[in-house]
Amino acid sequence: MKKTKPYNPEKVSLGKTLLWNTRPLSFGTVTILMGYLSMFCTDILKMPAVLVGTLLMVSKIFDGVTDLLAGYIVDNTKTKMGKGRPYELCLIGVWICTYALFGSGVDWSLPVKSAWLLVMYTLVWSIFGTMLNAAETPYIIRAFGNPIAVTKVSAIGGVFITLGCMVVSITLPMAIGALGTTAQGWRKIIIMYAIPLLLIGMLRFLFVKEEFVPEEDKNGEKVAIRDILGVLKSNRFIWLLAIVSMIPQTISGMGTSSYYFNVVVGDITKLSSISMIGLVSTLFILFFPAMMKKRTAMDLVGIFSIVGVIGFVLVFFAGSNMILLIVAFFLSGLSALPMSYMRSPIIMDVAEYNERHGNPRMEASMAAATNFTVKVGQALGAFLLGVMLSAGGYDGALATQPDGAVMMIRLLSSFIPAALMLLSFICCVAYRPLDAFLKKERENSAPQK
């Protein structure tokens, strides 16, 4: 990769790092809000849980088409602003549709509510969110130009994002407790977050330029559909990455924390105190660059996946014990950190693997493939939540839930995500041959002393 100006990969401006992470902070808040969507639909709109889960799953499956299409579009984008930067404007559409999503009318008929939910949710994730995610990796590569810089920006910026999202995670349950008993109250909550976070999220588009241009971009090479399909067929490592990326989103998509604290603990406002442990978890991100000197990014994902297994199992035995829940949520929260902030460096390795085998790098298409499984994971999580809550007899209109519903919420919060994190570890082990291959190739191509 050639640089347009001298660049020291060991030095990354703190100001530029923070500016880069303003959009992920804004979009991350949308993800947190969506964690309460199922509860909003079942408890406020009085929609059947299984219907909500099915609609969300259908929307996410549709993402399969838009994700791959988005990767193709971004890989073939060439503008004065760059390849990925122009698509930052999609954040505006994300926030408008998020507000509209929670603006559903209680008095609407069930078919109208269902159609509105499906359309708005699809616009948020399948259209606007898809373009943002597809452009993320090409944008960061061209903004910082080096894997070392990308890793530092992801790690240091991860602290900023986590702290910002932690503020939302702490204040949101409080806001829901105060205003979340009516549809009008939910609209006030959404607008309270939407306006400032949209303004914050646009700072990256305004101030972070694409300054580093890969040779492939300079040559003006176009990526054909057959190139994308060929690489997706031959490069098994992108699918291992895609599965590992999907698993934390499946767990997040189930959105069981709100149900757990509302039903098992009996007080949803206590979820705010649990969210505060995210401050401690955030500190681990700062160690990622140092840890990657001895371990690869995917190795870190595997290690933290095992930590997550322990944490999720502990949730089942914690019940309503807040001390045990703090420990359990701390450990389970650690499991999502590497995949949340190290995915771009891993995609850079997968793109390098493509290049060393005579194929286009296709960072956007590789990111799109993982984004597809991420959204399938979110859909699967929402679907599992709806189906299993219904199987357990959950009814949002009841003041006290039946024992079957309580047990189902406990399982959805513990053993089921623990099994998924174990699968993540297995995929990380299967990914190791790529790390070994790239290490050997880089050693062979390094200048001889």
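With which residue does Arg204 form a salt bridge, and how far apart are the closest N and O atoms? The legends below give the answer for this predicted model, in which local features need pLDDT of at least 70, side-chain atom pairs count only at pLDDT 80 or more, and totals for chains, interfaces and linings use all residues. Residues are numbered from 1 along each chain as its sequence is written, and side-chain values use heavy atoms, with hydrogens and water left out.

**View 1. The salt bridge between Arg204 and Glu88.** Arg204 pairs with Glu88, and their closest N and O atoms are 3.1 Å apart. A salt bridge is a side-chain nitrogen of Lys or Arg within 4 Å of a carboxyl oxygen of Asp or Glu. Arg204 belongs to helix α9 (residues 203-207) and Glu88 to the loop between α4 and α5, so the pair ties together parts that are 116 residues apart in sequence. Helices (H or I, at least four residues) and strands (E, at least two) are DSSP runs, numbered from the N terminus. Both Arg204 and Glu88 are buried; this term means under 20% relative accessible area, whereas exposed means over 50% and partly exposed lies in between (1.4 Å probe, protein chains only).

**View 2. The salt bridge between Arg23 and Glu88.** The side chains of these two residues, Arg23 and Glu88, meet at 3.2 Å, N to O. Arg23 is in helix α2 (residues 22-34) and Glu88 is in the loop between α4 (49-75) and α5 (90-101), so the contact ties together parts 65 residues apart in sequence. Arg23 has a relative accessible area of 2% and therefore counts as buried. Glu88 is likewise buried, because its value is 1%.

**View 3. The salt bridge between Arg23 and Glu136.** Here the closest N and O atoms of Arg23 and Glu136 are 2.5 Å apart. The pair links distant parts of the chain, with Arg23 in helix α2 and Glu136 in helix α6 (residues 110-144), 113 residues apart. Both Arg23 and Glu136 are buried.

View 4. The whole structure holds 9 salt bridges.

**View 5. Thr182 in its loop.** Thr182 is located in the loop between α7 (147-179) and α8 (183-201). Its relative accessibility is 39%, so Thr182 counts as partly exposed. The side chain of Thr182 reaches the backbone nitrogen of Gly185 at 3.0 Å.

Key: A polar contact is a pair of N or O atoms within 3.5 Å; within protein, one must be able to donate a hydrogen and the other to accept it, and residues adjacent in sequence count only if both atoms are side-chain atoms.
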